[in-house]
Amino acid sequence: METALAVLVGIMVATGVYLMLTANLLRYLFGLILLSNAANLAIFATGRLTRAVPPLVPEGLQAPAEPVANALPQAMILTAIVIGFGLLAFTLALVVRCYRELGTLDANAMRLSEPPAADEEH
Amino acid sequence: MKSIVLQGTTRLLVPLLLLFSVYMLLRGHNLPGGGFIAGLIAAAAFILCALAWDIRTARAALRISPARLAAGGALLAALSGVPGALWGNPPFTGLWLFIGGGAGDKGLPLSTVLLFDVGIYLAVLGAVLTLFFALEED
Amino acid sequence: MTHSEVHSVGRRGDTVLQLMVLAVPVAVTVWLLTLLGPVRAQGALRFGIEWVPSLGVALDFLVDGLSLLFALLVGGIGIFVTVYAAGYLRGHPLLRRFYLYLLLFMLGMLGLVLAGNLITLFVFWEITTLASYLLIGFDHASATARRSALQALLVTALGGLALLVGLVLLGMVASSFDLAAVLARGEQVRQHALYTPIFLLIIIGAFAKSAQVPLHFWLPNAMAAPTPVSAYLHSATMVKAGIYLIARLHPVLASTDLWMWTLTLVGAATAVIAAVLALRQTDLKLALAYTTLVALGTLTMFLGSDDSVAVAAAITFVLVHSFYKAALFMVVGIVDHQAGTREINALGGLAGRLPVTFVAALAAGLSMAGFPPFLGFIGKELKYEGALAIATEPVLVAGAAVFANALMVAVAATVVLKPFVGSRPPALTATREASVSLWLGPLLLAALGLTFGLAPGLLADTLVQPAVTAILGRPETVKLKLWHGVNVPLLLSVLTLALGVAVFVWQRRMRDLLSRAARWLPLSADRLWDGALAALRRGAYLHTRWLQHGVLKGYLAVVFAAVAAGLLWVLVHSGGLPEQLGWPRLTVKEWAALALVLAGTLAAVGCRAPLTAICSLGAMGVGIALIYLFFGAPDVAITQLLVETLFLVLVAMILHRLPLANAVRGPRVRLGHALLASAVGIAVSLAILLVLQQPFGSPTKNYFELAAVPEAFGRNIVNVILVDFRALDTFGEVVVVLIAAVGAAALLGSRRRALSARAQGTRRNP
């Protein structure tokens with residue numbers, strides 16, 4: 001299963017990168033979503049997979065009786081998902097603000113701070 | 001999106017969602033759940049409210065500003081780390097108090113860890129709603 | 001410096017402030033004077049505290065004859081400068097700031113000369129650099145002052161960088177950063193293969209600070225500072241830091257041909273060139289500044305030798321120069337302050353108007369010109385004696401010394417005579433004598449020059465001899481005498497005086513000649529410096545343009561290409577490709593989840609309508625949640641579902657306001673993007689596969705499973721990690737989300753304000 005996930009992560013990363021390279025900021029955001037999900041899956045896969053046994057200690061025992069899923073990557077991914085939400089929402093706010101100020105989502109047209117005129121020193 | 005059906009359903013769902021979020025929060029230490037999940041569920045309740053009526057209703061239902069809620073939650077989480085540090089342990093060491101324990105049953109567990117999880121709950125709820133309201137009011 | 005505010009009445013609080021500031025150098029000087037006896041008896045005193053013990057850096061101090069002499073100069077001249085500044089800057093609006101800088105500078109200078117550790121010495125060295133930047137640029141409204149300050153900062157700080165490298169190398173070679181230990185290991189250092197780089201790096205730092213040719217140009221420009229600062233920086237402190245360093249490290253680095261020739265030649269060149277340049281100046285302050293360069297060159301030249309008379313000459317001259325130079329700078333400041341100009345041609349006949357100042361100027365000038373019975377005479381005799389004692393090239397040293405001294409005589413005569421004697425221009429009739437605080441300092445300093453000239457024994461035993469002993473690392477007896485009888489030095493003195501008088505008399509003609517000659521020299525160091533700075537700016541502009549082109553796509557392409565290249569490089573170097581990839585054995589529902597993710601991902605790229613893209617991403621998110629659920633991560637699955645839902649609602653609700661048109665791109669560009677994206681994806685896949693092939697042993701996994709219930713009383717291990725074991729991390733992450741939320745609210749919340757502002761603007765300008 002890890003092998004399949006590795007391939008899937010690669011595909012998600014590739015599509016995410018492809019989307020981010022387009023000039024449209026909304027597509028850029030979608031690419032970012034793909035990348036952050038791919039990163040979570042990668043952490044999940046490299047922590048090794050265990051089918052259907054959540055990391056819970058049964059009532060009355062001091063430690064899990066049978067092999068359970070690795071809890072540490074899960075804890076990392078859990079916070080990563082919430083942080084990712086914050087990051088994406090902030091990016092979305094940036095995109096909305098950009099559109100409001102500049103009237104476009106085309107990143108190639110956003111040259112306010114670094115204008116293309118390269119000829120003379122200001 | 002002013003649909004009577006949605007509003008009626010929401011009226012029912014919101015209290016249920018909030019109750020469910022508290023349930024998820026409290027059981028989180030032993031079963032799937034916890035502050036993050038519970039906070040997101042509670043946020044969903046208010047967002048549903050905003051969808052069925054409008055942002056102002058959702059804000060009114062929340063009573064205090066979401067940013068303050070988030071800051072308060074973060075403060076609570078930070079403060080819960082202090083008692084552990086007072087007796088020479090690293091900060092955020094959990095302190096536990098079991099009330100009314102008997103044989104085979106530890107009783108009602110109260111702990112700084114629970115306080116921390118409540119802080120997370122409030123912070124996530126507040127932060128998500130801050131984001132949501134900001135984007136929707138635009 | 002503008003004088004309009006100087007004449008306004010001082011604030012009452014300023015007096016208290018001035019007394020407090022004055023207490024610092026007074027206390028320091030008194031304390032240092034009490035150390036005179038012990039240092040003479042014991043050779044060196046040490047005190048200090050550990051600072052960075054792991055690096056062998058200690059904040060400790062070493063007081064021996066050399067450091068005590070310089071420290072006394074810093075403290076003693078500091079007293080006079082503080083008093084003088086009180087009068088000169090009376091009522092200045094930024095007086096407090098000035099005193100702050102001045103005290104900072106004083107502290108840095110004291111620490112520098114007293115430091116007992118190479119690193120400590122460097123730290124104080126840099127403090128003086130920074131403080132001198134602030135002091136020179138004190139009149140920050142003037143562009144000239146700012147330029148001069150920056151120039152001084154850059155030159156001395158660049159030298160400081162060289163010095164740092166040199167000191168670190170020296171500490172490594174001597175296997176200690178403790179100054180006393182380093183001083184004892186001169187032989188070891190001189191034998192070492194790294195001696196030449198160490199010497200060159202350290203000497204570059206010292207030459208930059210002490211303004212030796214060709215790094216001399218910043219010093220005359222530093223005249224932009226208020227006169228009290230010039231008096232301080234140029235007489236006793238800043239520029240003497242390099243001299244102090246040379247003298248300090250004399251026992252370690254000197255006595256080689258490299259040392260001797262470098263110092264002698266650079267010093268002689270500096271002295272001669274600066275003497276000629278000094279003659280050209282018509283601004284009194286600038287003329288004095290160039291004679292400071294002459295003095296520094298002379299000192300460097302004499303320290304190149306390890307003959308005791310030459311070193312004693314250098315040390316005596318440090319004292320002589322500090323006294324008369326500080327006094328003369330203050331005198332010029334008084335003339336400037338009272339008469340409103342310091343141009344030679346606009347001044348004259350002020351002796352009657354400024355009688356006390358004239359007396360001070362006369363005494364200091366005589367000392368500078370080297371007339372008996374002033375201390376300057378003893379210094380000059382000693383210089384000639386030392387020059388003749390230098391075995392290798394007495395003619396070069398003596399010749400340079402005579403030439404430089406003759407021009408010093410001329411400059412001294414100019415500074416003393418031109419403003420004070422002759423006919424008085426009508427514009428100066430209203431000039432009145434300055435207040436006590438202004439003339440007290442120069443008068444006392446000039447009197448010191450006379451006192452020590454009459455009783456040189458006071459200096460010889462207490463200051464000069466211990467300093468020479470410290471420099472040469474062997475006990476020396478130094479005798480200072482006013483009258484040696486008729487000998488070669490005396491004849492040279494007479495020659496010097498004759499030459500100086502001749503130069504003074506034909507000054508105007510020589511100045512014309514020099515400025516005509518200067519026209520043939522298209523390059524000055526100052527202009528070269530400007531050119532270098534301009535070239536640097538141009539280079540920075542061009543390479544910034546090249547790297548920072550402002551095209552998002554370009555930045556991202558570079559970042560992703562770097563990621564792919566880095567990953568592939570690591571893969572190739574860590575043993576190549578993963579082996580034995582078996583076909584994954586999955587159940588049907590697992591295949592379904594994978595397929596859902598894949599389909600959602602691909603659809604998000606292909607579709608044109610934004611809403612379809614959102615839905616595809618939603619499907620992908622649900623598929624991922626299912627994968628989490630199937631493999632034992634219910635907490636993560638729930639979170640993923642909730643976040644996915646919330647985010648989709650968020651995007652969907654504002655989507656109708658944003659366009660998702662494809663930017664027009666040629667097929668070749670698109671192909672390039674696809675290739676780059678594939679490379680990154682393949683690299684990531686391979687990396688994960690390779691990681692998966694490493695054996696998986698997890699002590700942390702076992703620890704958390706065993707400790708969750710007994711130690712943290714929780715059965716959900718994920719939650720226990722989040723809220724107990726790694727609670728600090730979780731807290732940090734929550735704060736990140738909080739900041740993102742506040743940031744987003746701030747980004748969007750200003751709409752209402754912006755709209756209302758625009759509405760107001762239109763109302764005002766219909």
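Two residues are taken to be in contact when their C-beta atoms, placed from the backbone, lie within 7 Å. On that basis, in this predicted model, 79 residues of chain A are in contact with 87 residues of chain C. On the chain A side, the elements that give two or more residues are helix H1 (2-21), helix H2 (25-46) and helix H3 (71-102). Of these, H3(A) gives the most, with 22 residues. Sorted by class, the side of chain A that touches chain C has 56 nonpolar, 14 polar and 9 charged residues.

Chain C also meets chain B, through a contact that takes 36 residues from chain C and 41 residues from chain B. Here helix H28 (634-655), helix H31 (717-725) and helix H32 (727-764) of chain C each supply at least two residues. H32(C) provides the largest share of the chain C side, 15 residues. The residues on that side of chain C divide into 26 nonpolar, 6 polar and 4 charged.

Chain B itself can be described briefly. Its secondary structure comes to 6 helices and 2 strands, and along the sequence these follow the pattern α-α-α-α-α-β-β-α. Of the 138 residues in chain B, 43% are buried. Among contacts in chain B between residues at least 6 apart in sequence, 61% join residues at least 24 apart.

In general, two packed helices are described by the angle between their axes and the distance between the axes. The axes of H1(A) and H2(A) come within 8 Å and cross at roughly 160°. Because angles over 145 degrees count as roughly antiparallel, H1(A) is roughly antiparallel to H2(A). The crossing of H1(A) past H2(A) is left-handed. On the H1(A) side, the residues that meet H2(A) include A:Leu5, A:Leu8, A:Val9, A:Met12, A:Val13 and A:Gly16. Among their counterparts in H2(A) are A:Tyr28, A:Phe30, A:Gly31, A:Leu35, A:Ala38 and A:Leu41.

A:Thr91 lies in helix H3 of chain A and touches A:Leu29 and A:Leu32, not counting residues up to four places away in sequence. A:Thr91 and A:Leu29 are 62 residues apart in sequence, yet their C-alpha atoms are 7.2 Å apart in space.

C:Val311 is found in helix H16 (residues 308-339) of chain C. With 25 other C-beta atoms within 10 Å, C:Val311 is buried, since the cut-off for burial is 20 or more. Leaving aside its neighbours within four places in sequence, C:Val311 is in contact with C:Phe302, C:Leu303, C:Val468, C:Ile471 and C:Leu472. C:Val311 and C:Ala467 are 156 residues apart in sequence and 9.2 Å apart in space, C-alpha to C-alpha.

Some backbone details remain. Most residues other than glycine have a negative phi, and most peptide bonds are trans. Where does A:Arg48 lie? A:Arg48 sits in the loop between H2 and H3 of chain A, and although it is not a glycine, its phi is positive, at about 70°. This arginine, A:Arg48, counts as partly exposed, with 16 C-beta neighbours inside 10 Å.

In chain C, the loop between H9 and H10 holds C:Ala211, which has a positive phi of about 55° although it is not a glycine. C:Ala211 is buried, with 27 other C-beta atoms within 10 Å. The loop between helix H9 (195-209) and helix H10 (218-221) of chain C also contains C:Pro214, and the peptide bond from C:Val213 to C:Pro214 is cis, with omega near 5°. Another cis peptide bond joins C:Pro372 and C:Pro373, where omega is about 5°. C:Pro373 is found in the loop between helix H17 (355-369) and helix H18 (375-389) of chain C.

Definitions and conventions. Residues are numbered from 1 along each chain as its sequence is written. Chains are lettered from A and ligands numbered from 1 in the order in which they are written. This is a predicted model: local features need pLDDT of at least 70, side-chain atom pairs count only at pLDDT 80 or more; totals for chains, interfaces and linings use all residues. Helices (H or I, at least four residues) and strands (E, at least two) are DSSP runs, numbered from the N terminus. Ala, Val, Leu, Ile, Met, Phe, Trp, Tyr, Cys and Pro count as nonpolar, Asp, Glu, Lys and Arg as charged, and the others, Gly among them, as polar. Axes are lines fitted to C-alpha atoms, for helices over the stretch in contact, and angles run from 0 to 180 degrees between N-to-C directions. Angles under 35 degrees count as roughly parallel, over 145 as roughly antiparallel, 65 to 115 as roughly perpendicular and the rest as oblique. A crossing is left-handed if the near helix is turned anticlockwise from the far one by less than a right angle, and right-handed if clockwise. A residue is buried if 20 or more other C-beta atoms lie within 10 Å of its own, exposed if 12 or fewer, and partly exposed in between; C-beta atoms are placed from the backbone.
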